[in-house]
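Hello,

Here is the structure I promised to pass on. Please open it and keep it beside you while you read my notes below.

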Amino acid sequence: MGKPEIYLVVTADNRKITGERSLFHSACRLSENALWKKPFSNILTVILINQAPNRMRNQFLILISLSALSIGIISCNREQPKKKILAPEKIVCYQSISGSDTAWLSIDTANTPFAGTLTFNYTEKKQLYEGKFTGKMDGDTLKGYYDFRINKENPAFRNPVALLKKDGKLTMGVGQFMTVMGTGEFDDRVPIDYSSARFVFEEVACKD
């Protein structure tokens, strides 16, 4: 069997201790440890020293004090962000029916910019547009981008989207597109038309 990994824990008040991997995990969890008699609440760094001889350990401590050691340093302060569990009431769902075609929009309103999914089912064309929507409110208009595929096939497309919010409904505007660095954008020289919109979304109950 190989030798166990040995770690050196350094705290903000310059206390140091070595131990095996279990010590490292305890440090990162800021849990109690019998060797310290207090929580690891002020960890600066955890260093893998791989059972270096005492002479080399001393050299490590000197280099640490000079802030010159860069190999094998693992920061416990940089914890991975926890995935936020979204409350169901933060998701708002909409549906729009235009003739034989149907569109669905769901928006996560917990954060800005908003994020969600947008789907169009064109029955006669036998085309299904599916993708993600991201955007933010600009006055009374939700503006953003729609990244989607048609019938789950490549390539992927990106189009701008503008949804006018009025009387609890979202009206998808019709505008002139232009391409800027490979991304579709509205042409600012042509006003977005909401009066002749094909899809007007009304809020509906979200489906699981």
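**The disulfide**

Cysteine 93 and cysteine 206 are joined by a disulfide, with an S to S distance of 2.0 Å. Keep in mind that this is a predicted model. A search of the whole structure turns up one disulfide. The link between cysteine 93 and cysteine 206 is right-handed, with 110° about the S-S bond. It ties together distant parts of the chain, since the two cysteines are 113 residues apart. Cysteine 93 sits in strand E5 (residues 91-98). Cysteine 206 is in the segment after strand E14 (200-204).

Cysteine 206 has a relative accessible area of 36%, which lies between 20% and 50%, so it is partly exposed.

**The chain as a whole**

The chain has 208 residues, and 32% of them are buried. Its secondary structure comes to two helices and 14 strands. Take the contacts with a separation of 6 or more: residues 24 or more positions apart account for 39% of them. The chain exposes about 14200 Å². Carbon and sulfur atoms supply 53% of that area.

**The core**

How many residues are in the largest nonpolar core? It has 21 residues. Those with the most contacts inside it are Leu105, Leu118, Phe120, Leu163, Met172 and Phe201.

Now pick out leucine 118 in the viewer. Which residues does leucine 118 touch, leaving aside those up to four places away in sequence? They are Trp104, Leu105, Tyr129, Glu130, Gly131, Phe133, Tyr146, Met172 and Phe201. Leu105, Met172 and Phe201 are also listed with leucine 118 among the core residues with the most contacts.

**A patch on the surface**

Last, turn to the outside. Met178, Val180 and Met181 form a nonpolar patch on the surface. Together they have about 330 Å² of accessible area. Methionine 178 lies in strand E12 (residues 177-180). Its relative accessibility is 33%, between 20% and 50%, so methionine 178 counts as partly exposed.

Best wishes

How values were computed
Residues numbered from 1 in each chain as written. Predicted model: local features only at pLDDT ≥ 70, side-chain atom pairs only at ≥ 80, totals over all residues. Heavy atoms only, no water. Disulfide = S-S within 2.5 Å. Helix = DSSP H or I, 4+ residues; strand = E, 2+ residues; numbered from the N terminus. Buried < 20%, exposed > 50% of the residue type's maximum accessible area, 1.4 Å probe, protein only. Core = buried A, V, L, I, M, F, W, Y, C linked by side-chain atoms within 4.5 Å. Contact = heavy atoms within 4.5 Å. Areas by Shrake-Rupley, 256 points an atom, 1.4 Å probe, with all protein chains shown as cover. Patch = residues over 30% accessible without salt bridge, like charges linked within 9 Å, V, L, I, M, F, W, Y side chains within 5 Å. Salt bridge = Lys/Arg side-chain N within 4 Å of Asp/Glu carboxyl O.
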